[in-house]
Amino acid sequence: MTRRIRRWTQAGVLNSVPFATLLRGESIVANSSNARRRKSEVLQIYKEAVVQATDLKILQYHAMFTERFSDVLSRVYGEKDESQTYLRESINLYGELVTPDVIRLISCEQYIALVVTIELTSQVCFTSNMSSAFHLPLMIDSLVRGQEIANDDVTAISSTISSITAG
């Protein structure tokens, strides 16, 4: 875990707690030989991070952590069926983040890119090109913070969409 997040957590900054928990799991997963032996611990840590985000009512954390949990289940532990359940949940959570207030902040092109990305993410859950799914949390986070999505990001997403639909 980074020193900064550790200090924030120790200082009682509530929204740093779920990230600190997630980073504990990520640290174990990064050591792949260690991750296999500590499967139940790792899965419990990811579940704990999701619960913490839910309890704090931080929907974008809940969505991102659920998506990451799905990815770990699938890629690290090969549990595709259980992984799909969590991925669908994260897709639904991302959908909840796109409210009329958020939509007013973005251009028509950005909205279309967002909707298409959500749809494609749900369709290509377990193809070899999971990278498309990782554009979405960044876009959602930007939107929730009231920031516009850079045109380069919209272009990158459009490019990813084109490569997925072509392949």
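**Exercise 1. Work out how the span of helix α6 compares with the expected one, and which of its residues are buried.**

Step 1: Helix α6 covers residues 80-97, which is 18 residues. Helices here are DSSP runs of H or I with at least four residues, numbered from the N terminus.

Step 2: From first C-alpha to last, α6 reaches 26 Å, close to the 26 Å expected at 1.5 Å a residue. That expected span is 1.5 Å times one less than the number of residues.

Step 3: Now pick out the buried residues (under 20% relative accessible area; exposed is over 50%, partly exposed is in between, with a 1.4 Å probe and protein chains only). In α6 they are Ser83, Tyr86, Leu87, Ser90, Ile91, Leu93, Tyr94 and Leu97.

Step 4: Look down the axis of α6: the buried residues fall within an arc of 160 degrees, so they line one face of the helix. The arc is taken from the directions from the helix axis to the C-beta atoms. On the other side of α6, Asp81 and Asn92 are exposed.

A quick word on the model: it is predicted, so local features need pLDDT of at least 70 and side-chain atom pairs count only at pLDDT 80 or more, while totals for chains, interfaces and linings use all residues. Residues are numbered from 1 along each chain as its sequence is written, and side-chain values use heavy atoms, leaving out hydrogens and water.

**Exercise 2. Decide whether Thr66 is buried or exposed, and find what it is in contact with.**

Step 1: Find Thr66 in helix α5, residues 59-75.

Step 2: Thr66 has 0% relative accessibility, so it counts as buried.

Step 3: Skip its neighbours within four places in sequence, and Thr66 is in contact (heavy atoms within 4.5 Å) with Val50, Tyr86, Glu89, Ser90 and Leu93. Tyr86, Ser90 and Leu93 are among the buried residues of α6.

**Exercise 3. Trace the salt bridges around Asp71.**

Step 1: A salt bridge is a side-chain nitrogen of Lys or Arg within 4 Å of a carboxyl oxygen of Asp or Glu. The whole structure has six of them.

Step 2: Asp71 pairs with Arg68 at 2.6 Å, N to O. Both sit in α5, three residues apart, about one turn of the helix.

Step 3: Asp71 also pairs with Arg75, with the closest N and O atoms 2.6 Å apart. These two are four residues apart in α5, again about one turn.

Step 4: Check Asp71 itself: its relative accessibility is 7%, so it counts as buried.
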